[in-house]
Amino acid sequence: MTQPGQVVFSRMEEVVYGKPAAETVADLARRRGAERVFLMVSGTLNRTTDEIEKLRRTLGNQCVGTFDSMPAHTPRAAVIAAAEQAREAKADLIVTLGGGSITDGAKAVQLCLANDIRTPEAMDTIRAPSPVKPPSVPQISIPTTLSAGEFSYISGVTDERTKVKELFRHADIVPRAAVLDPEVTRHTPMWLWLSTGIRALDHCVEGVCSNEASPYGDAQALHGLALLARGLPKVMADPNDMAARLDCQLGSWLSMAPLVAGVPMGASHGIGYVLGAVFDIPHGHTSCIMLPSVMRWNKPANAARQALVAAAMGHPGEDAGDVLDAFIRGLGMPRSLTEAKVGPENFDRIAKQAMGTPWVPRNPRPIPGPEQVREILELAA
């Protein structure tokens, strides 16, 4: 019997998929009456491809500026720099083209503009759950990776002072539209495409395996899991397979349904936050390293849920941790903390800091203290 629950929907208004990004964004901007469009984009794409110039050209005089200096893990200082540039440009719409750090950065910029935040230190005043003024400059996102932050109303920003990744939340910072164009992902390095695909797969898995899973989230995440399990190896085999790239993008979109609808993530995400902020490990790689070990540690608490994961990935009756391990290895992704140059001497710090994340305390198998986090880290060593 299904347990009583609640499903909350985000304020994203539309997802456009399989259409050219530049023309789609120009149409969306026109429909919204935007006159001053500010771009936050990948520096690599801006320097080495014509994708950003195509966007500028299609927007014409509506484009009032470009910020292309957002580092990985979205540091506060870069958010403030982008907000200042957008403020000077009098932006009335932010369009992002790039990966998750850029998407999250723009979400944080929305809050900085609305609340007149002008220094990294002042961002303390808008951290969740502090009351904040709602953003008035909306965002449209064109993702080039699969980490799926464009579907969330949460922005992860790293405080450089503490090397802690903090969450900034507001229902209205979710991008109003996401544009999924497989063609613009051709430039994404294969390691980044595949590893962020595992990040999306991690969303699916932890959403399905949560003690707070919902029928709505299950339906979306299990189909997303099947699309990712099929699409990622195809793209690895043939980078020009646009149908497979679109399958991955659709799987990434569906992967966020549980989280956006109120289902918490678990220890893979929680530990991953620490690995990213402290050791600068890319988000996708944190999922590649941690997810199978978290599944193995959690199995005594949710074996029936894990069976759904194995079946969705085409391996009914097999151990989900083993299936995930083999799948990730097959994509050539790192599978241990040792490969990421994180040794046991760091485990106590990681374990203690992970307890302060929003997800470790809601892991399906209870984690009362750092000792249990350390057990998971030893499995992933």
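User: Hi! Where is the place of H203?

Analyst: Hello! This is a predicted model, and in it H203 sits in helix 6.

User: Is H203 buried or exposed?

Analyst: H203 is buried, with a relative accessible area of 5%.

User: And which residues is H203 in contact with, leaving aside its neighbours within four places in sequence?

Analyst: With those neighbours set aside, H203 contacts S147, A148, S255, M256, M265 and H269. One of these, S255, is also among the buried residues of helix 8, and H269 is among the buried residues of helix 10.

User: Nice, let's take helix 8 then. How many of its residues are buried?

Analyst: Helix 8 has 12 of its 14 residues buried, so the rest of the structure largely encloses it. The buried ones include R245, D247 and Q249, along with M242, L246 and L250.

User: What do those buried residues pack against?

Analyst: They pack against strand 1 (14–17), strand 5, strand 8 (177–180), helix 6, helix 7 and helix 9 (257–260).

User: What happens at the start of helix 8?

Analyst: There, a side-chain oxygen of D241 comes to within 3.3 Å of the backbone nitrogen of A243.

User: How far apart are the end C-alpha atoms of helix 8?

Analyst: They are 20 Å apart, which agrees with the 20 Å that 14 residues should span at 1.5 Å a residue.

User: What about helix 10, how many of its residues are buried?

Analyst: Helix 10 is mostly covered, with 12 of its 13 residues buried. The buried set includes H269, Y273 and L275, as well as the glycines G270, G272 and G276.

User: What covers them?

Analyst: The cover includes strand 6, strand 7, helix 6, helix 11, helix 13 (347–354) and helix 14 (370–380). Just after helix 10, D280 takes a positive phi of about 60°.

User: Strand 6 and strand 7 came up there. How many bridges join them?

Analyst: Six bridges link strand 6 (residues 154–159) with strand 7 (residues 164–169), and the two run antiparallel. D159, for example, has V164 in strand 7 as its bridge partner. The two strands form a hairpin with four residues between them, and K163 in the turn has a positive phi of about 55°.

User: Which other residues have a positive phi of about 55° although they are not a glycine?

Analyst: K90 is one, and D116 is another. K90 lies in the loop between helix 4 (76–88) and strand 4 (93–98), while D116 is in the loop between helix 5 (100–114) and strand 5 (139–143). K90 is exposed, at 61% relative accessible area, whereas D116 counts as partly exposed, at 47%.

User: Switching topic: which residues touch the most other members in the largest nonpolar core?

Analyst: That core has 31 residues, and L201, V205, L232, V309 and M313 touch the most other members. Helix 6 (190–209), helix 7 (215–237), helix 8 (242–255), helix 11 (283–312) and helix 12 (320–330) each supply at least two of its residues. Helix 6 gives the most, with nine residues.

User: Why would nonpolar side chains be buried together?

Analyst: As a general point, nonpolar side chains tend to be buried together in soluble globular proteins.

User: Which residues is L232 in contact with, again leaving aside neighbours within four places in sequence?

Analyst: L232 is in contact with L146, W193, L194, G197, I198, C248, F327 and L331 on that basis. Apart from this core lies another one, of 28 residues, among them F38, A86, V137 and F168.

User: F38, okay. Which residues does F67 touch, not counting those up to four places away in sequence?

Analyst: F67 touches F38, L39, M40, V41, A78, A81, A82 and Q85. F67 itself is in strand 3 (residues 63–67) and is buried, with a relative accessible area of 7%.

User: How far apart in space are F67 and R230?

Analyst: Their C-alpha atoms are 35 Å apart, and the two residues are 163 apart in sequence.

User: Last one: how many disulfides does the count come to?

Analyst: The count comes to zero. C209 is in no disulfide, because the nearest cysteine sulfur, that of C204, is 11 Å away and a disulfide needs a pair of sulfurs within 2.5 Å. C209 is buried, at 3% relative accessible area, and C112 is buried as well, at 0%.

Key
Residues are numbered from 1 along each chain as its sequence is written. This is a predicted model: local features need pLDDT of at least 70, side-chain atom pairs count only at pLDDT 80 or more; totals for chains, interfaces and linings use all residues. Side-chain values use heavy atoms; hydrogens and water are left out. Buried means under 20% relative accessible area, exposed over 50%, partly exposed in between (1.4 Å probe, protein chains only). A nonpolar core is a set of buried Ala, Val, Leu, Ile, Met, Phe, Trp, Tyr and Cys residues joined through side-chain atoms within 4.5 Å. Contact means heavy atoms within 4.5 Å. The expected span of a helix is 1.5 Å times one less than its number of residues. A polar contact is a pair of N or O atoms within 3.5 Å; within protein, one must be able to donate a hydrogen and the other to accept it, and residues adjacent in sequence count only if both atoms are side-chain atoms. Two strands pair if DSSP finds at least two bridges between them.
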